[in-house]
2 protein chains.
Amino acid sequence: MTGMSSDSKQQYDVAIIGAGYEGGLLGAILAYKGVKVLMVDNSIHPRFALGESTVRHTFRLMKIIGERFGVPEIKDKFSSASGLHTSVAASCGEKRNFGFIYHREGQHQNPTEATQLVIPPFREGYEAHLFRQDIDSFLTYTAVRYGATVKYRTSVNNVEIDGSGVRLGTAAGEEFRARYVVDASGSFGVLSRALNLRDNPPRLKLNTRCLFTHMIDVKEYDDLVLPNGVPRYPERWYNGTCHHIFDGGWLWVIPFNNRKGSTNQLVSVGLSYDNIRFPRPKDMTPEQEWASFLSKYPSINEQFKDAKPVRDWISSDRLQTSSKQSVGDRWCLTAAAHGSGFIDALFSRGLASSTEVLNALASRLLKAVKDDDFSREKFEYLERVEEANMRINDRLTSTSYACFRSFETWNAWYRIWALGVGLGDLRLTSAYRKYKKSHDESVLPDAEEPMGLFFSQHAGYGELFESCAQQVDAMIAGSASTQQTADEIFRRMRECKFAPPSLKLGDPNAKFINQGTIPAIFQTLKWLMTSAPPEIKEMSMGIMADINPMSPHSRWRTKPALT
Amino acid sequence: MTGMSSDSKQQYDVAIIGAGYEGGLLGAILAYKGVKVLMVDNSIHPRFALGESTVRHTFRLMKIIGERFGVPEIKDKFSSASGLHTSVAASCGEKRNFGFIYHREGQHQNPTEATQLVIPPFREGYEAHLFRQDIDSFLTYTAVRYGATVKYRTSVNNVEIDGSGVRLGTAAGEEFRARYVVDASGSFGVLSRALNLRDNPPRLKLNTRCLFTHMIDVKEYDDLVLPNGVPRYPERWYNGTCHHIFDGGWLWVIPFNNRKGSTNQLVSVGLSYDNIRFPRPKDMTPEQEWASFLSKYPSINEQFKDAKPVRDWISSDRLQTSSKQSVGDRWCLTAAAHGSGFIDALFSRGLASSTEVLNALASRLLKAVKDDDFSREKFEYLERVEEANMRINDRLTSTSYACFRSFETWNAWYRIWALGVGLGDLRLTSAYRKYKKSHDESVLPDAEEPMGLFFSQHAGYGELFESCAQQVDAMIAGSASTQQTADEIFRRMRECKFAPPSLKLGDPNAKFINQGTIPAIFQTLKWLMTSAPPEIKEMSMGIMADINPMSPHSRWRTKPALT
């Protein structure tokens, strides 16, 4: 049996190491725009990958990418959950909420201890749970459709870069030449290893590890019969990305089978631990560690009573990596290869960070190919955005792990995240709307100072975020109780001028956020027309265009809280 | 990173080597029935596999299996194309016909040279093009659901079988024990190699090779603008499994994207050659051989003008294998491992043969586990059915390759195949109908002498088949021209008493078979009520139950021939 021919003599414009989500998306854009693209991958499709939960930012960026670069497969099929489900992969699930259910060791769950961020049903439906084997191959095949060359089962083991170009040497002795090389190999970090860029240890505060698999016969948490009951919030927990949180870690439950029309029976399951407090046990297999975990959390145990893994558990050591540098003359690292793209699965920020960087990279690469200028300075923006994302995600995530200590701190701190995500989304939506009208590149998120997907560059929000994180630092240092910390965060939230009052951020009893009800929409509109700060008003212009109360997905009439 | 734990001490009832279509299906049935099943696989899902086109027999057998063993996933989701598309994999295509388009080297296709067997739209829709990565994992995960243990990335390198049981040793040094072992490793032939069962050379007349891949942007043959036009037959060629045939080989085109609702953009493409006349060229890559092939057949070239492979071409040497023996005390080989399950992709008989053997094996294994009797004689039926299938498929396929020599011989001989398939289906449908009513095992296809899926054990058909094949032998030997051979086959067909006259088998101008039109149905009913032989009458009882002219898939009103 023989594989593809080698065309070693060929000179490519851009070589991409890795044909996963990042490599496939970049390859599709560049190839569509006529760039001679080589993708080199050490494996082959189809294959398992993590990074399964989208956030508003992911599809918003995909809409911007579709509009900006024109690839029909991205514009028409890939920029909404509904398009994805219909035209890319019926194996994907639906995400109608971010759910956080708090558990205490040895006790059944207390149904008043849970928080939920409801995802309002915009025009295109909700968010998605990506069955990555189908997504990554779809993107790669789209790149192939537009002329990209893909070399599968090809390991790059040598990279030489000089003023004249890039030479990639492979384990099989082939050599490929390109004008520029992108490392999209994720945690493999082919280029960051070759160029000796990896920090050891990584320069992140967060230190977590994970065990994960796909399972069958996971029960719907909502349907369990538990001694204290199940929290009844606006959306069913099973209809979203569910985070079971506990002191020291959290468990993700990402169903692919939670949508009418899904052909998938599986659920992605992953257990993340604070790696300092709970390092990987040397004397346990992952199955044993999983069983031991379930034995400590009886309500979670109920959900997994019949569940079986359909593939081997994978147990990792520390998840975080970081690189000293992310761009250079003729090379760059994508978000995942750099380490900023995947800090921790918490809040599902990985795909969004990756997509943000790719949007910025694709436009710069197209210009570089045209101008034949691949110097570092032309790509310097990427380094800034990756560094900014790494910093803010590290702060956000490590503070969150600290807040897992008690429900009251979590209940307070999660609102800081929710506000940052919501305002960030508003800004991105506003940018997309303006761009769609004008095709003016200056309105795009990568046009200026890295705005990040989070709202942290907004002076007010940045200050709120950091001051609340410092409250948590004080708690970690032992100088404040969990209750004092929560109280202080709530107090600051009540003073916040740029958050819509309908969010009720400062009210500890308002444990879910549902901006999709008619009262909430009217309250927010009133606020926007009266006391909202001008920059929020400006971003909110036209938001109503995305709201369609007649959508078949609509939950506008959802009753308010039950707890 | 570590994988699953080893439970080497465990004693399984049945160990299955290979977790593909055969292993997954058998594992699902046995596990559902409470048998302790181990599945060992040297790779992991998801993954590419061949065997993509179903025939009526496949789903009929699946219906029998569903009814007989009760596995809900098989009964409710897997026993019809519509169930499959909706509940298993939207990535699968549809098969509304077997199409055979005849090509001559260096010439554009002559639209009068094509044959088509239309698949009438029964209650559940048409047949399917299976995107095997989704099918094989679905079956394996179903086995897991019911308690099967799966060891992925585990290579069996030692098999010991004695009176007390089976021990499997793995490359990683694990040992597994079972009471019985099934080799479902297909062409890997783990057990047939370990037990030194492989014939060298294989005892088959057929000697073919293949190169294959999945492609994107394959054009629909029906829409091409060709100098001589495109054959207009009742069904679009692209809506079925298309065989481009030529002197010396044939090309399969199996679209996954030919159905409203399909999420797949790919088409399976494979080029099969007579390996004696066209051995694998030593000086060409598969791509070069593909390009060289296209350059010889201009009409096919048009269909593939924009097509790109999305994965490496695989080029094989001789495809056929055979085993001296297929069952023994405590072991057996499935159809694919034995060699009978995959002779050649022609006529898509592989999945059906595999399923036929699995149906017989599962019932015998359930009994053996209960009785603790795993002796060879209890499984002897399998050997007979595998030998019979191998013999008939070899004769059918090698005769077909000979008939590729001219359109007239193909046009005559393909009817022998079509008749055998049609009558075999009728008998299987009849068996299913009776079994569904009575649950009487004696009506099932594996109850008696191997009936095979083909109709060859029917005295009249067996005689017709063999005498026509001998006509082709005479042509090969040079003692008859292609036209004389065709004429003689047509003559015999005109004399055939057990073929419905509506098939017009003896009329060289009736190049397609479409039993789905209202005139054909009435003509056949009339024949059944008057001059049909009693055994055909008996089998046809109740066939109308499967016909639903109001089906949304219906093509009952299709106009007759256009050529």
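Let's start with a pairing: E5(A) and strand E19 (residues 512–513) of chain A run parallel over two bridges, where pairing takes at least two DSSP bridges between the strands. Strands (E, at least two residues) and helices (H or I, at least four) are DSSP runs, numbered from the N terminus. This is a predicted model, in which local features need pLDDT of at least 70, side-chain atom pairs count only at pLDDT 80 or more, and totals for chains, interfaces and linings use all residues. Residues are numbered from 1 along each chain as its sequence is written, chains are lettered from A in the order in which they are written, and side-chain values use heavy atoms, with hydrogens and water left out.

Five of the five residues of E5(A) (114–118) are buried, meaning under 20% relative accessible area (1.4 Å probe, protein chains only). Ala114(A), Gln116(A) and Val118(A) point one way, Thr115(A) and Leu117(A) the other.

Now for the core. The largest nonpolar core has 126 residues, and Phe78(A), Leu365(A), Phe78(B) and Leu365(B) touch the most other members; such a core is a set of buried Ala, Val, Leu, Ile, Met, Phe, Trp, Tyr and Cys residues joined through side-chain atoms within 4.5 Å.

How do the chains relate? A 180 degrees rotation with 0.0 Å of shift along its axis superposes chain B on chain A (RMSD 0.0 Å), by least squares on C-alpha atoms with pLDDT of at least 70 in both. That is the relation of a two-fold axis.

Definitions and conventions:
Buried < 20%, exposed > 50% of the residue type's maximum accessible area, 1.4 Å probe, protein only.
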